[in-house]
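Dear colleague,

I am passing on the structure we spoke about, placed just below, and after it you will find my notes on what turned up when I went through it.

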Amino acid sequence: MADLEALIKAFSGIGVDENSLISILANSNHEHKKSLRKGYSKFFIEDENGFERLHQSTIKNLKLEFKRFRDAVVLSLLHPWERDARLIEKAMKKGPRHYSVIVEIACTRSSNELLGARKAYHSLFDHSIEEDLASHIKGSERKLLVALVSAYRYEGPKVNDDVAKSEAEILSNAIKNADKRKPIEDEDAIMILSTRSKPHLQAVYEHYNKICGKTITEDLEAEGILKDTVECLCTPATYFTRVLDAALTVDADEESKKALTRVIVTQKELREKEGYVPNKIQGILTGSYKDFILGLVARGEN
Amino acid sequence: MATLKVPAHVPAPSEDAEQLRKAFEGWGTNEQLIIDVLAHRNAAQRNLIRISYGEAYGEDLLKSLDKELSSDFERAVLLFTLDPAERDAYLANEATKRFTSSNWVLMEIACTRSSYELFNVRKAYHARYKKSLEEDVAHHTTGDYRKLLVPLVSAFRYEGEEVNMTLAKSEAKILRDKISDKHYNDEEVIRILTTRSKAQLNATLNHYNTAFGNAINKDLKADPNDEFLKLLRAAIKCLTVPEKYFEKLLRQAIVKLGTDESALTRVVTTRAEVDMVRIKEEYQRRNSVTLEKAIAGDTSGDYERMLLALIGCGDV
């Protein structure tokens, strides 16, 4: 009905359109509001005392809901370059547990998209990404992360198979020697992962499998963002599926849920993959956040 | 400022292409005509001439030049004709090949080009060599050189003039500490030199001088035979006072027994459209003789004429 639509519309901007909200509600009589609440069944439940009560947890969720909803709206409104620059800056400030976001952006964007993010970062923060990461990060992740954001990978299909094979061996050795030296600090491993093209790295991935009988990601299970790096570069679909799965469970934490917003908004291809996301979303998300996300998925737009 | 002289009325690219074609025809080559055209057109104009030549005669102008010309003159003409980004990509690629390997050329390109120019070099490198510049540099360098050069060619430095003096002080101190301990390849040294903006670096190094009594390059002269230190000092010069770096390179190229044509050609062709005016001033200041005179005294023939035209000698 028209008012319900208008109500949804009022909540659909950045922040709530309080005037519309008020005018709708003010002009609705009791019966009308009742039917509105009944229509908005996710937010209101039938109280045993005969009224539609705002679900207790919904009050709390509404706040979070709108926050995520707003995050989703803002993220999808921002230019992708600005969006990625802001995501990187935020992740860097939040600390090591969020560095996977930096890896995600550096490794799953195209070369020109990453360049765009670097340009946007200049404009937004008056620094380069690499100088901020390098001076901010003190731990063992520094070299890898700085190298990853500095890449401008060749994007053609050409691969030198002999080189791919020998680099698979180099990576294998780096992982085997983990007790002597952390793989994430191995200069050769960093060079390979941060300078080679993605098709080349996929060939390296295949060779590693042949040589070691396991995938690199299996062998890097304990290696945090190094594993994320390989996954994002060689098998991005696996990476995103893993992130979405973690976000779409009932007891997912706030960070995992934020990942959902980020991934859905930024990954066009994933959104076009039929069925997977919409079904799960139906079951777990609620309210306008869900509608918005579903809308993004259906639209298949960026 | 550029020394390249372009006439007030530039012929249409097709006319220039025709002139060049005429210069190739018949017995021998009209080198002066080639200089008259190519050494007096800016990068955009040269690109149009190349396109026009290709359309009219079915061959890349550079290929024709390669067929007709030889030795130092040819190299100067070919290098200058190339679009600046392509030229740098060519020079960088050459520098990674075994027999012409030169860390200096890589450092020079990475440190004296602007952030955007350097990125255009990386794009041109993709197009021409089907690889990234950084993967070739990583693959063909080792140890400390790799640690320094890969971040240098991958940098996309902030280009604003803003300076943080607190940071300048703290990073000058870091540099001082590392240098005193002779940890020249320390990660912090590399970090500061390869990521900070040029304005910030200038502030940091000025503070270094004020606070510690010596310019950083003086402190980096501890071991005169250390090649890595030489490269480090040169990188610092390139980042802060490039005209002084180029002046020295020219001086060494000319004064040596014989001439280092490779360096001379590279400096003249790559700076003619950028800051050759300042380099010339610096040269005269330092050597009490004009660059023109020095080049004329040390080179000859078409090669000499090409170089002199590029540094602004003679008529348009």
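In this predicted model, His126(B) is in contact with residues of both chains: setting aside neighbours within four places in sequence, His126(B) touches Tyr152(A), Arg153(A) and Tyr154(A) from chain A, together with Lys131(B) and Ser132(B) from chain B. The residue sits in helix α8 of chain B, which runs over residues 115-129, and His126(B) counts as buried because its relative accessibility is 10%, under the cut-off of 20%.

Two of those partners return when the interface is taken as a whole. Chain A and chain B bury about 2,600 Å² between them, with 56% of that area on carbon and sulfur atoms; on the side of chain A, the residues that lose the most area to chain B are His122(A), Tyr152(A) and Tyr154(A), which together account for 26% of what that side buries. In terms of contacts, 27 residues of chain A meet 28 residues of chain B.

Helices α7, α8, α9 (142-149) and α11 (187-195) of chain A each contribute at least two residues to the side of chain A that touches chain B, and the largest share, five residues, is supplied by α7(A). By residue class, that side of chain A is made up of six nonpolar, eight polar and 13 charged residues.

Salt bridges also join the two chains, and six of them are counted between chain A and chain B. One bridge to look at is that of Arg196(B) with Glu131(A), where the closest N and O atoms are 2.7 Å apart. Both of these residues belong to a network of salt bridges that links Glu131(A), Arg142(A), Lys143(A) and Glu187(A) with Glu171(B), Glu187(B), Glu188(B), Arg191(B) and Arg196(B).

Over all chains the count of salt bridges comes to 43, and a few of those within a single chain may be of interest to you. Arg118(A) pairs with Glu130(A), with 3.2 Å between the closest N and O atoms; this pair links distant parts of the chain, since Arg118(A) lies in helix α7 (residues 111-125) of chain A and Glu130(A) in helix α8 (residues 129-136) of chain A, 12 residues apart. Arg118(A) and Glu130(A) are both buried.

In chain B, the side chains of Glu282(B) and Lys244(B) form a salt bridge with an N to O distance of 4.0 Å, and here the partners are 38 residues apart, Glu282(B) being in helix α18 (residues 276-287) and Lys244(B) in helix α16 (residues 242-255) of chain B. Glu282(B) is buried, at a relative accessible area of 10%, whereas Lys244(B), at 32% relative accessibility, counts as partly exposed.

A further bridge in chain A joins the side chains of Asp84(A) and Arg83(A), at 3.3 Å from N to O. Asp84(A) counts as buried because its relative accessible area is 2%, and Arg83(A) counts as buried because its own value is 5%.

Not counting residues up to four places away in sequence, Arg109(A) is in contact with Arg83(A), Asp84(A), Glu104(A), Leu114(A), Lys198(A), Thr266(A) and Gln267(A). The C-alpha atoms of Arg109(A) and Gln267(A) are separated by 9.5 Å, although the two residues are 158 apart along the chain. The side chain of Arg109(A) also makes a polar contact, at 3.1 Å, with the side chain of Thr108(A), and Arg109(A) is buried, with a relative accessible area of 5%.

Finally, some overall values for chain A. Its secondary structure comes to 19 helices and two strands, and 49% of its 302 residues count as buried. Among contacts in chain A between residues at least 6 apart in sequence, 64% join residues at least 24 apart, and the accessible surface of chain A comes to about 14,500 Å², 52% of which belongs to carbon and sulfur atoms.

With best wishes

Conventions:
Residues numbered from 1 in each chain as written. Chains lettered and ligands numbered in written order. Predicted model: local features only at pLDDT ≥ 70, side-chain atom pairs only at ≥ 80, totals over all residues. Heavy atoms only, no water. Buried < 20%, exposed > 50% of the residue type's maximum accessible area, 1.4 Å probe, protein only. Helix = DSSP H or I, 4+ residues; strand = E, 2+ residues; numbered from the N terminus. Contact = heavy atoms within 4.5 Å. Areas by Shrake-Rupley, 256 points an atom, 1.4 Å probe, with all protein chains shown as cover. Buried area = accessible area lost by both parts, 1.4 Å probe. Nonpolar A, V, L, I, M, F, W, Y, C, P; charged D, E, K, R; others polar. Polar contact = N/O pair within 3.5 Å; in protein donor to acceptor, adjacent residues only side chain to side chain.
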